[in-house]
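Student: I would like a close look at one part of this protein. Please take me through it step by step.

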Amino acid sequence: MKKILSCGLLAFLGALGAAGAVYAQQGSVNGFVRDATNGEPLAWANVYLDGTGLGAGTNERGYYYIGHVPPGEYELVASFVGYRNVTRRIRVEPNRTVTANFELEPAPLELGEVKVTAERARFEREVEVSATRLDTRQLILAPKVGGESDILRTIQMLPGVITVSDFSNKLYIRGGSPDQNLVLLDGITVYNPAHLFGMFSPFVAEAVADVTLLAGGFPASYGGRLSSVLDVSTREGNSKRHTGEGSVSLIAARGIAEGPIPRGSYLVAGRRTYLPDILVKAFNIEGLGYYFYDLMGKVNYAPREGSRLTFTGLAAEDVLDFWDPDNPNSFKARMSWGNRGISGRWNSIFTPLLYGEELGAWSSFFSKFRVNFGGTEDALMTTELTDITLKSDLTWFLADRHTLDLGLDAKASFMGLSFSFDTFSFTGRDTLWPIALYGDEKWEVVPERLFIRPGLRLAFYSKGSRFEAEPRLGIKFHPDRNTALNLALGRFTQPLVTLNSTDPVFAIYDLWVPVPRERRIPSAFHYIAGVERWLKRDAIFQLEFYYKDYNNLLETRYGQFFTRPDSLLVADGYSYGADLLVRKAEGRVNGWLSYSFMWTVRSIGQEVYHPHYDRRHTVNLVVNFPRLFWGVDLNVKWTLGSGLPYAGVIGYYRRFRYDPGTGTVKWRWEFIEGTRDAYRYPVYHRMDAGLSRSWELGWGKLTLFLDVTNLYNAKNVLLYYWDVDPEQNSLPERHRVSMLPILPTLGVSVRF
């Protein structure tokens with residue numbers, strides 16, 4: 001027996017040695033693929049050795065690696081939809097890596113032409129579920145609100161995403177509340193992505209390269225949230241020539257400048273609103289002023305081939321002033337809140353097999369409320385959440401069909417609240433140190449057929465010294481070339497929550513706090529199964545089913561819009577549903593149609609209810625008609641949603657009270673509310689449309705646009721209220737408050 005085992009071991013070692021010798025005689029190919037007109041990386045471009053079956057897709061930074069290539073001469077081809085293919089003759093030698101960088105020139109697609117798109121490359125190679133990516137063109141083409149392209153408004157049109165009103169861009173994704181979404185801008189955590197009480201996001205759409213929504217089952221490299229990830233990437237800037245763009249609408253003005261610098265590029269974008277100022281003057285409203293602004297910037301620098309440094313900055317702020325118009329010197333108040341952030345990222349090819357990203361980011365969400373009486377500063381309240389992130393990601397091309405991702409994610413979160421009034425002052429501080437190690441492997445079990453991506457995230461939260469294990473698993477199987485079956489499982493935890501209730505119609509901003517040490521960490525389990533089917537070159541069908549199990553959620557008491565951390569209530573719950581998406585990315589008619597079914601339940605003790613964002617059915621249609629007639633572009637979006645829950649009044653009665661001082665009996669109306677969220681508002685529906693026409697002129701490009709919000713003036717219900725006659729001569733009457741009316745907006749944009 002020992003002899004047989006020895007012979008078997010020798011044979012096994014011999015086989016390994018032979019395999020190693022074979023691999024040792026092979027070479028590899030790597031490089032970057034970029035846009036020839038502006039130097040922007042082309043993510044998920046296709047690079048392959050013609051006639052061999054060997055190839056790879058570029059990652060988010062445009063990097064590709066093809067390993068285990070037998071020595072010889074090859075035709076190396078790079079392709080991307082909307083660009084001309086580039087072919088390069090290369091020679092691969094044993095134990096050597098050939099570096100081949102590509103710059104692709106844009107080219108219109110010919111009828112019937114078949115190219116591998118970015119979405120197609122991801123479909124074929126990536127183990128992703130519940131993922132939708134939108135690029136700059138798709139974000140800008142979507143109909144605007146008041147002439148402003150808004151990323152979050154477009155995201156709200158995707159399946160699984162619920163919007164609760166025209167006045168809120170908060171994302172409720174697959175039964176989760178807005179604080180369960182991780183929003184990133186080039187690695188900067190954005191804690192309050194809203195302007196004008198939720199009408200707009202702080203991102204200038206024209207400065208954004210792409211947005212990826214991971215609605216569930218996201219990989220181990222992301223953590224700290226229960227529901228979803230919204231990853232926003234800024235454009236790198238034109239590295240070929242200096243360009244600029246500006247636009248003016250009825251709401252705001254914005255501008256963008258970009259261009260090359262030595263060994264790199266820059267981009268700067270800004271926006272400021274002035275509509276509130278106009279409305280205040282037009283309606284002679286005294287004692288009120290409001291505006292918001294955004295600034296975004298990015299600088300890229302390549303110190304050497306295969307290494308790149310990028311720095312991104314964000315500054316966004318809302319400012320609200322109010323005073324006594326009759327006596328301006330007696331009372332003045334200013335409330336301001338916003339986001340600040342900066343990130344630095346270093347991408348480097350350490351070896352052809354090892355690609356790394358190092359990230360450092362600082363994020364700050366702040367608010368200030370200052371009141372002056374008689375020209376002196378008497379009261380000041382400030383809040384601040386500062387987040388420092390250090391993150392390291394390594395991608396190791398381990399073997400021919402194995403890619404290993406390893407990473408470290410370390411944060412330091414500092415929360416502060418201060419209040420001073422006359423001689424009294426108060427300051428409160430809290431800290432949280434979330435640290436996580438994670439790794440996942442993409443294993444191509446059966447070439448081009450079966451992919452498995454197991455992952456594990458080990459998180460430590462300093463508040464209560466808690467360790468949390470978050471296993472993840474993704475599986476993709478291709479029964480045929482155009483079909484994929486997907487499966488994802490995972491556990492997710494969240495150490496930060498908000499104190500704001502999810503019930504109010506308007507919310508200025510969220511106040512974040514760490515989970516108290518005596519409370520258990522909120523967690524969620526995701527179970528997702530779905531199918532993807534390519535219907536033609538640029539059209540895809542997606543259907544997913546999901547179930548989410550929530551545990552130890554912390555929520556405010558019903559009816560309270562603000563509470564203390566120690567009075568949060570523990571809630572459990574679940575949500576399940578189905579999301580359908582049919583999407584066409586290119587052509588004379590493009591856009592998407594989505595349908596979502598969702599059932600969400602929460603329980604606090606013996607109380608079981610549907611939260612106010614439990615929308616049972618949602619249909620979204622986004623259609624773009626480029627060059628429809630006379631060079632005019634038309635885009636339309638339409639939403640239909642079943643009614644949202646609310647607590648309605650089920651009755652009222654007269655309450656009599658005897659006043660012993662006067663000897664009289666007085667009465668007033670008392671209202672009886674039904675159980676929590678037991679009623680439903682009427683069906684919601686709205687159509688927005690936009691027209692634009694561009695002219696190429698000698699100095700640049702001029703575009704005129706007309707956007708109409710709520711095209712057919714649907715009277716959607718925001719809320720109900722009861723009107724009581726002060727003379728008590730009639731019964732109370734219920735009235736409705738509607739959402740946005742029809743709102744046309746004209747604007748002009750120039751690019752030079």
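Which strand supplies the largest share of the lining of the largest cavity?

Tutor: Strand 33 does, with four residues of the lining. Keep in mind that this is a predicted model.

Start with the space itself. The structure holds seven cavities of 30 Å³ or more. The largest cavity has about 320 Å³ of space. Its lining is made of 27 residues. Nearest the centre lie Ser130, Ala131, Thr132, Glu532 and Gln542.

Sorted by class, the lining has 11 nonpolar, six polar and 10 charged residues.

Next, the charged contacts. Side chains of opposite charge can pair when their charged atoms come close. The whole structure has 41 salt bridges. One of them joins Glu103 and Lys240, at 2.9 Å from N to O. Glu103 sits in strand 8 (residues 102–104), while Lys240 sits in the loop between strand 15 and strand 16 (243–248), so this pair ties together parts 137 residues apart in sequence. Glu103 is partly exposed, at 41% relative accessibility. Lys240 is partly exposed too, at 39%.

A second pair is Asp294 with Arg271, whose closest N and O atoms are 2.7 Å apart. Asp294 is in strand 19 (residues 288–304) and Arg271 in strand 18 (residues 264–273), so the parts tied together are 23 residues apart in sequence. Both Asp294 and Arg271 are buried.

Lys463 is in the loop between strand 27 (450–461) and strand 28 (466–480), and Asp430 is in strand 25 (residues 424–432), so the pair ties together parts 33 residues apart in sequence. Lys463 counts as buried because its relative accessibility is 14%, under the 20% cut-off. Asp430 is partly exposed, at 25%.

Finally, a salt-bridge network links Glu40, Arg235, Glu245, Glu258 and Arg751.

Terms used
Residues numbered from 1 in each chain as written. Predicted model: local features only at pLDDT ≥ 70, side-chain atom pairs only at ≥ 80, totals over all residues. Heavy atoms only, no water. 1 Å grid on protein atoms, 1.4 Å probe; cavity = no way out; pocket = protein on both sides within 12 Å on 5 of 7 lines; lining within 4 Å. Points joined across faces, edges and corners; volume = space filled by probe spheres on them. Helix = DSSP H or I, 4+ residues; strand = E, 2+ residues; numbered from the N terminus. Nonpolar A, V, L, I, M, F, W, Y, C, P; charged D, E, K, R; others polar. Salt bridge = Lys/Arg side-chain N within 4 Å of Asp/Glu carboxyl O. Buried < 20%, exposed > 50% of the residue type's maximum accessible area, 1.4 Å probe, protein only.
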